[in-house]
Amino acid sequence: MTARSPLTRGIPVVLLCFALMVAAIVFAPFIGSTDISFGAVFSRRIPFADNIDAQIFFLARLPRALAAALVGGTLAAAGAVFQGLLRNPLAEPYTLGISAGASLGAMVAITFGAMLPTGGVATAGLAGAGLAVLVVYALANARHRGLSTTVLLLSGVTLNAFFWALILLVQYSSDFAETYRALRWLMGDLDVVGYSSIVTALPLIVIAFVAFAWLARPLNLLSLGAEAAGARGLNVARAQRVAFFSGSIATAGAVSIGGPIGFVGIIVPHLIRLVVGADHRLVLPASACFGAAFLVACDVVARTVAAPLDLPVGIITALAGGPFFLWLLLRRR
Amino acid sequence: MLLDAVDLEFAYHAGRRPAPPLVVDGVSLHVDAGSIVGILGPNGSGKTTLLKLLSGALRPTAGRVLFDGRDLTSMSRRTLSDHVAVVPQETHLAFDYTVLEIVLMGRYSKLGAFEIEGPDDLASAERALDATGSRYLADRAFPTLSGGEKQRVIIASALAQLDARGSPSEAAREASVSRRMASEPSREASDQRRMGLLVLDEPTASLDLKYQLEVAALLTRLNRAQKMTVLLSTHDLRFAASVCQHVVLLSRGRVLAHGTPAETLTPALVSTLYDIEAGIVAPLLA
């Protein structure tokens, strides 16, 4: 046995994931259907209004790369939190109906958008997510002093089905244009222009990440079961509430930027666990950094593979990540 | 006396109408420091609930539990976890933690929210792994262990939890003890370290005979070598007879009898406890 915490063994992996994230954000904006030059982007001789390269870089590709990093990192970390909270490897940020709530809000905004102010889709998505969070929490907390993870799961699954029925109902009453817009949103799309959606979601995500940092050790203890965690001195009810609400607001923030992008929140934490082990003090930061790098890379593929068409990034995350994860899983066994 | 329970009563969902039945009904018992006490009873007799009351996981509906003279309900979670460690019947993990990580989880209450385990915590984990003969398992993934190995590792985690050496509160307390009792500071500190209580719920329920004997030997060794106080529940007559110095027979939430194994594990009392004929019980106690 070493004289150092086993935690120290995983720190190089976290640093590597961080480096990958930074490299992805820096290099992704230079890749796309239109070539841009590094010199032109940062040239002071050409005014910004006339500098097409700088406009593509700063108004289209950099915000998109930042949005991808923020959404990918948030969904991956939130996935790790929900898996730890629910003690269930199949849990993901969308298990508890938060994305279905957000989707319902967005669908209502798209279909009945004339009655809503500008930017109403993201706001309506956040409102729908908030509604889902409150309903699931009220149900899971109703008969217990703390959260019942079983009731939490069942409530989430039921609410998902209920909200999806409402989404289909709203879509049924939409015209073709609205249905197409709604479908694109549901596929998960990072087609952001400028930084407004990032700035709107950032406060939620920052608050959630502060909570995630505190949650790392409690989530380790919760893996032993609520009673064993309590016997080791953990305030189980408080840890479960913090995990539920921080994971939920992080998911709501991410979904408000990019729609319900699938796969990142379930696969990335497992991929990271295969490398660093189960300790959430490593899993959370490594998942956040690698999730960010992964979604930025997937978005580059989505932008370029069928250029000038933009594929929804949700398709790429599943197509690229799924086989890779299965390969890694089979190789390890 | 380390633990003293007085007139304990407990009902799940107390306060509802009609009044729910008492699962624990007027139980009084005490656990001396350095002893092994077993709570024996059939399924549904309230053993696990009583253990939860005695370890502070549940609050009694009536009565009180005193640990070293202090009411358990007045102790903070962290203080309680410094003195009482619980080993559940079985431990299932959702993820592949290593054995060392599981044992280090016992140090949770000794560390700040963002603090990383230091040399004291690692030394404590090593002592716990040595005490349970599990050091060779340190780097193994917990789910890959056998049932008996898992039980030993969870006991090691509980020992690391009760090991006060290296914790900030213990350092301050030892400094104060040293000042007060300059003549015998180390002996006093050593005695205080043994103030922990190890609580085990049916520690052999899912183990085969070999591992049952292994756990019995481990508990006896911890009790003799480290003066560890042990409180356990079981429905295994032979395990109780071989390990416990004091036995409490629990029937429908009430104490049927208590005393040494020789006084309590008699064909007459055991046949009453399990509602079977005395003639069938005698060979089981042989």
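Visitor: What makes strand E3 (residues 36–40) of chain B and E9(B) a pair?
Guide: This is a predicted model. Pairing needs at least two bridges. Four bridges join E3(B) to E9(B), and the two strands run parallel. Therefore they count as paired. Within E9(B), Val248(B) stands opposite Ile39(B).

Visitor: Why is strand E9 (residues 246–251) of chain B called largely enclosed?
Guide: A buried residue has 20 or more other C-beta atoms within 10 Å of its own. Five of the six residues of E9(B) are buried, so the rest of the structure largely encloses this strand.

Visitor: What joins E9(B) to strand E10 (residues 254–259) of chain B?
Guide: Five bridges, with the strands antiparallel. Leu249(B) has Ala257(B) as its bridge partner in E10(B). The two strands form a hairpin with two residues between them. In the turn, Arg252(B) has a positive phi of about 45°.

Visitor: How do you know which strands are the edges of the open sheet of six strands?
Guide: The order in chain B is E6-E7-E8-E3-E9-E10, with mixed pairing. Strand E6 (84–87) and E10 of chain B each pair on one side only, and they are the edge strands. Helix H11 (residues 267–274) of chain B packs on the sheet, touching E9 and E10 of chain B. Its direction makes about 160° with that of E10(B).

Visitor: What makes strand E7 (residues 197–201) of chain B a partner of strand E8 (residues 229–234) of chain B?
Guide: Two bridges would be enough. Five join E7(B) to E8(B), running parallel. Val199(B) has Leu231(B) as its bridge partner in E8(B).

Notes: Residues are numbered from 1 along each chain as its sequence is written. Chains are lettered from A and ligands numbered from 1 in the order in which they are written. This is a predicted model: local features need pLDDT of at least 70, side-chain atom pairs count only at pLDDT 80 or more; totals for chains, interfaces and linings use all residues. A residue is buried if 20 or more other C-beta atoms lie within 10 Å of its own, exposed if 12 or fewer, and partly exposed in between; C-beta atoms are placed from the backbone. Two residues are in contact if their C-beta atoms, placed from the backbone, lie within 7 Å. Axes are lines fitted to C-alpha atoms, for helices over the stretch in contact, and angles run from 0 to 180 degrees between N-to-C directions.
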